[in-house]
Amino acid sequence: MVGRADTTMTQRTWLAISIGWMYSAQADTLSAIDCLTHALESCTTNESRECRALLLHCLADVTYRHGEYDEARKHYSEAVQIYHEMGHKEGISRVLRDLALIHGARHEHTEALKLNRDALQLSKDIGDEGGTAQEYRMALEHMTEAVQMYTEIGNKGYRAAGLRDLADVHHHLSEYTKAIEYRSEALQTSMEVSDKGGTVFVLCGLAWDHCRLNQYAKTIELYCEAVRISTNIGDRGVRASALHNLGLVHQFQGRYDDAVQLYSEVIQAYDDISDKLGRARTIKSLGRLHRVRNEEEEAIKLYNEALQISIEVGDKLGEAWTLRNLAQAYRCRGEYEEAKRLFVQAIHIFTHIGDQSGKMYALRAYARVHLLQHNHDDSIKLYDEAVQISKCIGERYEQALALSGLARAHCHRGMHAQAIEIYADAIQILTEIGDRIGKAKALSGLVDVHRRQRNFENALTLYSEALEITTDVGAKKGRANVFGRLGDTYADHGLNNEALSSYDAASRAFGEIGHRRQAASFSEKASEIRRRMEETAP
């Protein structure tokens, strides 16, 4: 159970642990305890704190195996305290995971759940792949046992909480259908005990599960119900949060005017309850809306306001995310050096506060700037780092996005075989987790590889699948992008009529969602095709 120690560990500590484990393996528990206890007596200085924590962890493991749960818990707790003082997240995570075993063995499932959740979060933060995988397995085991116990004793409130926890883990694992199953059960239980606050909480989680599966109609229905209930019970903060998320869904669908209206209402709601962080989060979402509509000036203005709020209240996480968003806006304006400067700042903060997820997002966006500057080797290196982090923290959706970026970088580098292989990995993940829009984007990227290889038939087949997906799920921007790329493919092969039809469709689709720059670009391409056809007409 004990983790690998740093190089600062003394030979004496390692010798004591080795001898202790040897005795323990021979079922000579008393000799093992004596050996480790004696070694602890020499670990009394600040310089030997990590040695002491490791010995305590080992001693706790031995006493736990001997059935002395109270004694083991005391040693685990002291080890956790030392690791906390040192800021040693990996040590804390591993001890908490083992401490949870004691509570599980004593059927104290609520405490075991809490410890497993804390250990899981720490492992995600530090990118501990092995630890995270083990914590997921243990967390699911304890959560399942807890739900069963609460069911047997008839405690519906705790049962609903346990079901929510199960759903959260499955959601993080990108197992959205399984998450929906558990959260739907939690919703029913919360409603049975008339827990309106819990019902709203479950509704919002359930809505996000459906959103991940691109089931937007169901997502909107659930968020609207959450807004209705939170309004009735007078919880203005929760209501504002649900409205914010509802705005995000409209934004995903390309319904920008509806999203702007909701964001304006949410900002006012957060101002009414003096929630500065809520205001900052919503301003960032509004800024992103302007960015995707190519309104970078307005986006930068909003991001700077959100950044100032984050700095004022000391929200380092919010500051890092806002810097990343601000960098995205400068990238869209073509100001790549300023974008890179801001990305570096964001990555530094994410690294300093131990947020691996945020660092992964920033690395992926930073890699794209290098790709746009044709710095292919740097781009590949950054995308690969993002892939490794996403694998470590179990974010399969983000892993697929990072893989798609990595494939694109290989494609631009002329490494087409590698690009096709990496895109295949991304598409497999997106298919498995049920993200059809993500799959359509990856398919479109794969088409670019086939276009560069002059493989016209494969390109058309993949575009047809991508167009079918984006049309089916109502992804307006995605559908517009597919039409545009399809036009490029037809134009490459001199099929002017087909290219003209696709470019016109792309221009209309982008115009409908307010993307004026893209609409104008494809309109110009259509005009060029018309001129070409007129020049070659008999």
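Me: Where is the place of N214?
Reply: N214 sits in the loop between α10 (196–212) and α11 (216–232). Helices here are DSSP runs of H or I with at least four residues, numbered from the N terminus. This is a predicted model, where local features need pLDDT of at least 70, side-chain atom pairs count only at pLDDT 80 or more, and totals for chains, interfaces and linings use all residues. Residues are numbered from 1 along each chain as its sequence is written, and side-chain values use heavy atoms, with hydrogens and water left out.

Me: OK, and what's the phi of N214?
Reply: Positive, about 60°, although N214 is not a glycine.

Me: Is N214 buried or exposed?
Reply: N214 counts as buried because its relative accessibility is 7%. The cut-offs are under 20% relative accessible area for buried, over 50% for exposed and partly exposed in between, with a 1.4 Å probe and protein chains only.

Me: What about H374, buried or exposed?
Reply: H374 is at 58% relative accessibility, so H374 counts as exposed. Its phi is positive too, near 65°, in a residue other than glycine. You'll find H374 in the loop between α18 (356–372) and α19 (376–392).

Me: Switching topic: how many helices and strands are in the chain?
Reply: 26 helices and 0 strands. A strand would be a DSSP run of E with at least two residues.

Me: Which residues touch the most other members in the largest nonpolar core?
Reply: L326 and F343, out of 131 residues in that core. A nonpolar core is a set of buried Ala, Val, Leu, Ile, Met, Phe, Trp, Tyr and Cys residues joined through side-chain atoms within 4.5 Å.

Me: What is L326 in contact with?
Reply: Leaving aside neighbours within four places in sequence, L326 is in contact with I300, Y303, N304, L307 and L342. Contact means heavy atoms within 4.5 Å. There's also a second, separate core of 32 residues, which includes A32, I33, V62 and L115.

Me: Now α20 and α21: at what angle do they pack?
Reply: About 160°, with the axes of α20 (residues 396–412) and α21 (residues 416–433) 8 Å apart. Axes are lines fitted to C-alpha atoms over the stretch in contact, and angles run from 0 to 180 degrees between N-to-C directions. That angle makes α20 roughly antiparallel to α21, a label used for angles over 145 degrees.

Me: Which residues make the contact?
Reply: Among them are L403, L406 and A407 of α20, plus I422, Y423 and I429 of α21.

Definitions and conventions. Angles under 35 degrees count as roughly parallel, over 145 as roughly antiparallel, 65 to 115 as roughly perpendicular and the rest as oblique.
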